[in-house]
Amino acid sequence: MRARTRMSGDRLAVLAGARLDLLEVGPGARAKYVALGGVLLSTGALAAVSMSFALHMALGAWWPVALLIGLGWGLVIVNLDRMLLVGMGHDPSWLRNIAMAVPRLGLAVLLGTVISTPLTLQVFHKEIEATMVTLQAEAAQKFTTGLDTDARYAGIPALQQKVAGEQAVIAGGGSADPNADPGVVAAQAEREAKQAAYDAAQARAAELQARAQCELDGTCGSGHAGAGDAYLAAAAAAGQQATARDAAKAELDAADVALASARAAAGQAATSADARSVTLAQADLVTDQAELSRLTAARTAEQASFEAENSQSTGILARLEAMSRLSADRPMVGTAHLVLFLLFLSIELLPVLVKVLLNLARPAAYDRLVELREEEEVEFEEIRREGRRRAQQARADLVVAAETDRMARELLDREIAARDEAARAAEEQARRRQRRGLGRVLRGLRPGSRGRTAVAVPEAEVLDVGTGLLEQMTAGSSTIGMWGTTVQQPAVEVLRNAAGRPPVPMPRAAEDAVVTGAPAAGNS
């Protein structure tokens, strides 16, 4: 159990960037790096869970698939965090430490934001879904209003009214109104004027008649009853008014007759106009209905497309928008969201932040060990490189020396071959001279010359035999072999072999003459 725990701790320490060989030398840093490795695993687990939620919310992925991809994302985040930690070595300058920490902290903040966002959205998912319904309704209303003001569909209300009017004309058999005829309208106005004049005359006549009766009764006017002057004047006025009333009545009757005639004529004209209106309405109705159907279908399709898209707008962006609206409408929810976001962000920043703080502190024993070990490794590598360089140089020198030796041997072999060739040529030339000289000498020693005086050989020809050969002949005990060896043989044999002839017996005196150099005596 203890060995298994130690093995797990070693793996966490290696994950945090520690070297096990140095931890064996300085075990005090083991706990620190084991804890740092555990924090790295925690951030990776949070990243895996966050990615799983994001895939399920954004793409509607099946949970096993989302978890599998989330696990891969968690491994990527662990590797990135480990890279940030391992790349931050301890430096004695705090300015360089800060310069190395700033970009790494910026990257850690970015990763923390990406990782914490799906988690915070999942925590407030119920409130977000309720707000999303409201946002979808508002978007649908806004889209409908936009369609109403769209120039492509602005003619739909006018077309609807026009089609309804045409359908009314066709259903009613015509839309012509006799009363709307100009003649009928004029006759109606004239009749109404005559009716007004008659009504005024009738009222005035009734008033004057009542006043005359009142004078007659003595209840008004002069107050004297009976047919006096006042009565007579009132009666005369009432009679005149009655005449005017009758005249107005006659004019009213004439106006009624004219109105009736105008209406009859207008009715006949309206009948023919109705027939034409029905024909035109039927022709226009087909065109107007087709255009209205086309525009209505296009608008309905666009509306349906938007509604389908709007109903499926439940991804991360829609949830972020709902979260923003929710935070604006309910400040407490916004505060809770901010606190939760900072919590997840701090967990993601923790490994890098701890490494930065450790680098800003004084170097620990482990840091000094790392520096010493790296210096040793660099020195060892330099020694290895120098050794390899020297070995390569030695091999190169050996190759050059071997090539130089080969070339020297080749030149020496060529020189020896040239000398041997020159010696062979000189030896061949000397043999030729010997043969010519010995031939002349031997011709003087032939058996046919016996009894005669020996032939005198010129001194120059005798000298052509060669000093070496003459010395051998004088010694009479050796000659030159094929390979430069000395062969013991008589001088006569030397001469015969040099002449290239088979051995021929020679007189004793001739042999002695050859040996001593004295002239041979003639035969008796």
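User: Why is Gln303 called buried?

Analyst: This is a predicted model, and in it Gln303 has a relative accessible area of 15%. Buried means under 20%, so Gln303 is buried. Gln303 sits in helix H9, residues 229-311.

User: What does Gln303 touch, leaving out residues up to four places away in sequence?

Analyst: Gln303 touches Phe143, Thr144 and Leu147. A contact here takes heavy atoms within 4.5 Å.

User: What makes Asp148 and Arg299 a salt bridge?

Analyst: The side chains come to 2.2 Å, N to O. The cut-off for an Arg nitrogen and an Asp carboxyl oxygen is within 4 Å, so the pair counts as a salt bridge. Asp148 belongs to helix H6 (residues 125-148) and Arg299 to helix H9, so this bridge ties together parts that are 151 residues apart in sequence.

User: Which salt bridge involves Asp288, and where are the partners?

Analyst: Asp288 pairs with Lys162 at 3.5 Å, N to O. That value is within the 4 Å limit, so the pair qualifies as a salt bridge. Asp288 is in helix H9 and Lys162 in helix H7 (residues 156-172), so the link is between distant parts of the chain, 126 residues apart.

User: Why do Asp288 and Lys162 get the labels they get for accessibility?

Analyst: Asp288 has 8% relative accessibility, and the buried label needs under 20%, so Asp288 counts as buried. Lys162, with a relative accessible area of 42%, falls between 20% and 50%, so Lys162 is partly exposed.

User: How do you know that Arg191 and Asp256 form a salt bridge?

Analyst: The closest N and O atoms of Arg191 and Asp256 are 2.4 Å apart, and within 4 Å is what the term asks for. Arg191 lies in helix H8 (residues 182-217) and Asp256 in helix H9, so parts 65 residues apart in sequence are tied together. Arg191 is partly exposed at 23%, and Asp256 is partly exposed at 28%.

User: How many salt bridges does the structure hold, and which residues are linked in a network?

Analyst: The structure holds 24 salt bridges. Glu403, Arg406, Glu410 and Arg414 are linked in a network of them.

User: What makes the negative surface patch, and why can Glu374 belong to it?

Analyst: Glu371, Glu374, Glu375, Glu379 and Glu382 form the negative patch. Patch residues need over 30% relative accessible area, and Glu374 has 42%, so Glu374 passes that test. With 42%, Glu374 counts as partly exposed. Glu374 lies in helix H12, residues 365-443.

User: Which residues make the nonpolar surface patch, and which helices supply them?

Analyst: Trp94, Leu95, Ile98, Val102, Leu353, Leu357 and Leu360 make a patch of about 690 Å². Helix H5 (94-123) and helix H11 (331-360) each supply at least two of its residues. The largest share, 4 residues, comes from H5.

User: Why is Leu22 called buried, and what is it in contact with?

Analyst: At 1% relative accessibility, against a limit of under 20%, Leu22 counts as buried. Leu22 is in helix H2 (residues 20-25). Leaving aside neighbours within four places in sequence, Leu22 is in contact with Tyr366, Leu369, Val370 and Arg373.

User: What about the chain overall?

Analyst: The chain has 16 helices and 2 strands, and buried residues make up 27% of its 524 residues. Among contacts between residues at least 6 apart in sequence, 72% join residues at least 24 apart. The chain exposes about 32900 Å², with carbon and sulfur atoms supplying 61% of it.

Terms used:
Residues numbered from 1 in each chain as written. Predicted model: local features only at pLDDT ≥ 70, side-chain atom pairs only at ≥ 80, totals over all residues. Heavy atoms only, no water. Patch = residues over 30% accessible without salt bridge, like charges linked within 9 Å, V, L, I, M, F, W, Y side chains within 5 Å. Areas by Shrake-Rupley, 256 points an atom, 1.4 Å probe, with all protein chains shown as cover. Lys, Arg positive; Asp, Glu negative; His and termini not counted. Charge placed at Lys NZ, Arg CZ, Asp CG, Glu CD. Buried < 20%, exposed > 50% of the residue type's maximum accessible area, 1.4 Å probe, protein only.
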